[in-house]
Each structure stands twice: as C-alpha cells, then as structure tokens.
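Q: I'd like to learn how to read a structure like this one. Could you take me through it feature by feature?

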Amino acid sequence: MRITAEHLNYTYNQASEFAVHALRDVNLTVEEGEFFGIIGHTGSGKSTFIQHLNGLILLPSAQKKYKPKKLKKGEIAPPKTVLQVGEYDLTDKKTDFRKLRSKVGMVFQYPEYQLFAETVFEDVAFGLKNFSEQPLSPERIQTAVRQALETVGLNYAEVWDKSPFDLSGGQKRRVAIAGVIVTRPEVLVLDEPAAGLDPLGKQELMALLHEIHRSWCKTVIFVSHDMDEVAENCTKVAVFSEGAVQFVLPPKELFQKQAELLSLGLDLPVTAKLVALLKQKGIDIDCDFTKKDFIQKVQKYLQGGNGVC
Amino acid sequence: MLKDVTFGQYYPVKSFVHNCDPRIKILFLIGFIVAVFLASNFYGLALCAAVLVIGILCSRVPVQSILRSIKGILFLLAFTAILNLFFYAGETTVVIGEIPLQWGVVNITYEGIYFMLFLMFRLFMLILSSSLLTLTTTPVNLTDGIESLLTPLKWLRFPVHVLALVMSIALRMIPSLMDETDRIMNAQKARGTDFEHGNIFKRVKAIVPILIPLLIGAMRRAEELGDAMDARCYTGSENRTKYKKLTFTWRDLIVFLLCAALIAGVVLCNVYLGSIL
C-alpha cells in the first residue's frame, strides 16, 4: 500500500493554553516495498505522524462531529489535507478504520508493556480475534499464532501456554510483536522497536524485520534514534524536525549532509563519521554508509596500493 | 483523547493570588467556607461574593476556566435545587392564577424558592472558591502547604511527612498514569479493540486489556521508585530540610486581614440584618 500525506497538520490541546503544534504541513510519500526510516529529535512529531497512519489520531475531517468550516469572504482556503493509505482515505469519516488497522500493524515503543493475557497464546490471538468478521475456527487461530510466534523466533511448543509475564524482556517484546504481525498487515509501523535491547538483540530484531519484509509485509516503517541502524537497514529515510519534514532521502545521500543533520541535533552513523575523518586526511571513500560496503571500499582502497602503514 | 484532560487544572500565569503562600490560601479557603456557612442572609452572601470576585480578578485566570468547574457538579446543583423547591416545609404556598402549587407532599412555597436560591448561591461559591485554589496553586505547592499546616499533628506522633510524601507521589504519578493509559489504549486499539461500539458488557470487557497492563505498570513503577529511594538512603526521617521553603510575605498578611474582615462582616450582617433561616 502506498502512503501519501500532503499538508498534514496536527495540534495537541487545540484551543487551549497548552496547545502544541506537533505537525506542520507534513508532505511525505512512502512507496510500497520500502523499508522506510523516520528519524528526528525527541518531540519532532515522529510518533504523532505514525499514529495518523492507522487512524489512532483522527484528522479533524474524519471525526464524527466534524462540520466543514465556512469561509469568510476574501479568505483563502487552506491547502487541502491529503492522507491516503492504500485505498483508504483517512480524511473521510466513512472510512472503516478497524479494517485499516488490520492492514496497518502498529508496534509501539516498549510494546511488552501492553501484554495482558494469561497465556502467550491468548495474547497473540487477541488481535486476530478482534479483527475477524466471523469467529475463526480454533485450528486457524492456532496456525496463525504458531506462525507468528515462529516468525519472531520463539519456540511455539515452549512458550504458548506460559504467562507472558514470566518471560524475559527480549522474549516479551517478541511476543508483543507477534501479537501485531499475527494478522499479516501489509504495512508494519514500529516506534523504536530496538530501544532497550542489547546489541545482539537489536541485530536479531532487525534481521527479523527484514525477514518479514522479504516474505510478506510489503512496507516497513520504523522510527529510530540509532543512526547506525538506519544507515544499515533503510531504503529511504525521512528526517523530522519541529513537526516538519526536512529531508526524504536514501541513506546514501542523507548522511552526506552531515552539517545539516548535526544542526538538527541528530547524530551520524559510525561509518559516516569515519568517512569524514578519512576525508580530512585526504582520502575519499564513496560508500553507501552500511558497514559492509564501507569495509569493502576501504579494503579496495588499501589494495589499490594506497596503504597507510 | 486523554491528553485534553489537564489534571489539577493549574492555570499557569503570574498573579497576586498565584504568588500567595499556599498555606494562607488554604487557610483563606477554610475561612471563606466558614463565612459562607455562617451567613444567614443574602447580605452576608453578597459580601462573600464580593470577596470572591476580587479574588478571581486578582488571579488573572479567565472566568470561563473557573466556571468550567461548575460543569462537574451541575447535576448535584440541579438535584438539590429541585428537592428544596418541592419539599421545603414553608408556609405560604405559591398561587398562580387560582391554582395553588401543591400536590400531596409536593408543596412549592415562597420560602422554599427563597431557600433554594440561597442554597444554590452557597454551593456555587463553595465550588468556585475551591477551584480558584486549585487553579492558582500547583499540586506540589498544595501538598507542601498541607504538610506545613498539619505540623501540629506531629506532637500527637502522627507521621505528617509520610502522609505528605504519599500525597505528593500520588499527585506526581497521575499524569504519568494518564500518559500510560493513553499509550496502552492506542496499542490495544491498533490490535482491533473497539471501545466505542457494542453493548455495555462488550465495552467493560474491552477495558480489561487496558487495566491489566496499567496495574502491572503501576506496580513496576512503585517498585522502581522504592528502589531508587532506598538507593539514595531515603528513610523518611524527620526534620528533613526543604529545597523550596514557604515564607509569609506582605501579600499573605493582606489575605489574612481580608479573611478576618470577611468573617467579621458576615457576623455583623447576621446580627443586624436578620436571618432567613
């Protein structure tokens, strides 16, 4: 599903003394098949934006009470807001938002804190049962739950009847993710999925996301603060700052804009820092900022008879 | 959704009332309530109303924000009004045209109407004055004030500092819990929970997936907070010094005098201008 946002604005606590403009005229397109990264400083509107994608935050025009404002004479109409996810028009209140939510899976920050059921099986099956129109047969539920748990790398036979609260932190997170992917969403949105995991856990999680992306989930969108993670995994990155989108570029081009990123309060991946250091020494390395490519390019440079030592 | 609720409804501006010592504000509120209850005629109440209006004007809080607090008890107001209007044991029944407004136990009298208005006025002022306190005092200041005012209870071996700590932690946690509720609600909504449709049983059932994570989260927080306090050697010992000390200033003297004058004025009104009760 292709995601298009045009002139998207959002204000928390509108019409009160605590109003916060979280999104200002956001224009963004995510093509189907992308592994899309969203980066930005804390409070830059990333989370607000992704909550729009499955209707957890409704646009004013999609709310039940909405009545179109009449324009006064001589007043210019504000640009029309567009928010389209696949065939779903999110500016329209007639859209079936529950159906949309089954297509756009959402994994929140620290998803393990949303576990509630008595057994892992029940928790994973929760979303599946909620979204299905008719009651599903136990066999179908079981197959789906088994597949979801195995996708996230858990042993079904071992964990299915355990209480989710008896699992380790990393396992809990896997169960929570399984609870979202069990419905096989076409778009998977994750808010800092790797936060708080150890390095190995992070790697495993990213590998897992790639696996899902390769096999059935066409579009993956994830918010991250870890630039290495972004450089390593994304096909395209959007940079948010103060509620607006600053850049939408592939990592290869994005991380060449070092000064701009630093001025937005963002970090650089290790590879980009190394490239900059080498450049100071007069060595130009042209890589796409993934570790593998960087190492290859450096090796090539060294083999080319330019050894430093 | 939940973000629109501002707890404690503190209205952040600078004003005479905001700058007053919370202790004096609490004492003033108590004094004001005493005055409102002492008043036995409309003159006394008018005096209280005048003081309240001065207070509201000095606080620079918009009148709408103060009036908003009435909304919550509108039902209670209406209920008491109707009860008094119909069942007050007055003597002169209201007659419209030729028909006296009296059916069995229901008896609408002039005294009843008078008393109802009096009561409404009283309740109205109670609510407005207490919301003026919460609008102009941060929860932290409020607990500090209460703790300081309860100090005499220490002589009775009452653990005032513990009570104050419990209160301030509870107040501190409310916004966090609201945030968490919001987050968990969103997460479960994203998994297809429907809070808006279906009958009451379905809706109650939909709350379970929110309550359980919320409870577990609260326990986790409590444990973490306890550990953090232990790690910093908190023992709740007495005579801890304060970062922010409360001090009386000239403002507080003015407020104190105003309060005394109000009570004296109400008593004089009662003595010289008769009573309706």
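A: Gladly! Let's start with domains, whose bounds come from an automatic or database domain assignment. In chain B, domain 1 covers 10-137 + 250-277 and domain 2 covers 161-231. Taken over C-alpha atoms, the centres of domain 1 of chain B and domain 2 of chain B are separated by 37 Å. Keep in mind that this is a predicted model, where local features need pLDDT of at least 70, side-chain atom pairs count only at pLDDT 80 or more, and totals for chains, interfaces and linings use all residues. Residues are numbered from 1 along each chain as its sequence is written, while chains are lettered from A and ligands numbered from 1 in the order in which they are written.

Q: How is chain A divided into domains?
A: Domain 1 of chain A takes in 3-67 + 76-268, and domain 2 takes in 269-304. Their C-alpha centres lie 32 Å apart.

Q: How many residues does the contact take from domain 1 of chain A and from domain 2 of chain A?
A: Two residues are in contact if their C-beta atoms, placed from the backbone, lie within 7 Å. By that rule, domain 1 of chain A gives 9 residues and domain 2 of chain A gives 10. To say where they sit, we use helices (H or I, at least four residues) and strands (E, at least two), which are DSSP runs numbered from the N terminus. On the domain 1 side, helix H8 (227-233) and helix H9 (251-254) of chain A are the elements giving two or more residues.

Q: How many residues does the contact take from chain B and from chain A?
A: Chain B supplies 19 residues and chain A supplies 22. On the chain B side, helix H8 (160-190) and helix H9 (200-231) of chain B each provide at least two. H8(B) brings the largest share, 7 residues. Sorted by class, the chain B side has 7 nonpolar, 6 polar and 6 charged residues.

Q: At what angle do the axes of H5(B) and H6(B) cross?
A: Axes are lines fitted to C-alpha atoms, for helices over the stretch in contact, and angles run from 0 to 180 degrees between N-to-C directions. For helix H5 (residues 74-87) and helix H6 (residues 110-136) of chain B, the axes come within 8 Å and cross at roughly 160°. Angles under 35 degrees count as roughly parallel, over 145 as roughly antiparallel, 65 to 115 as roughly perpendicular and the rest as oblique. H5(B) and H6(B) are therefore roughly antiparallel to each other. Among the residues of H5(B) in this contact are Leu77(B) and Ala81(B), and H6(B) answers with residues including Ile113(B) and Phe115(B). The contact has 9 nonpolar, 3 polar and no charged residues.

Q: What about H7(B) and H8(B): at what angle do their axes cross?
A: The axes of helix H7 (residues 139-149) of chain B and H8(B) come within 10 Å and cross at roughly 165°. That makes H7(B) roughly antiparallel to H8(B). By class, their contact has 7 nonpolar, 3 polar and 1 charged residues.

Q: Now for sheets. What is the order of the 4 strands in the open sheet of chain A with antiparallel pairing?
A: Two strands pair if DSSP finds at least two bridges between them. The order is E2-E1-E4-E5. Strand E2 (20-30) and strand E5 (88-89) of chain A are the edge strands, each pairing on one side only. Strand E1 (residues 3-12) of chain A pairs with E2(A) in the antiparallel sense over 7 bridges; Ala5(A), for instance, has Leu28(A) in E2(A) as its bridge partner.

Q: And what is the order in the open sheet of 6 strands of chain A?
A: That sheet runs E6-E7-E8-E3-E9-E10, with mixed pairing. Strand E6 (104-107) and strand E10 (244-249) of chain A are at the edges with a single partner strand each, so one side of each has no neighbour in the sheet. From one strand to the next, the twist averages 15°. Strand E3 (residues 35-40) and strand E8 (residues 219-223) of chain A run parallel, joined by 4 bridges.

Note on methods: Ala, Val, Leu, Ile, Met, Phe, Trp, Tyr, Cys and Pro count as nonpolar, Asp, Glu, Lys and Arg as charged, and the others, Gly among them, as polar.
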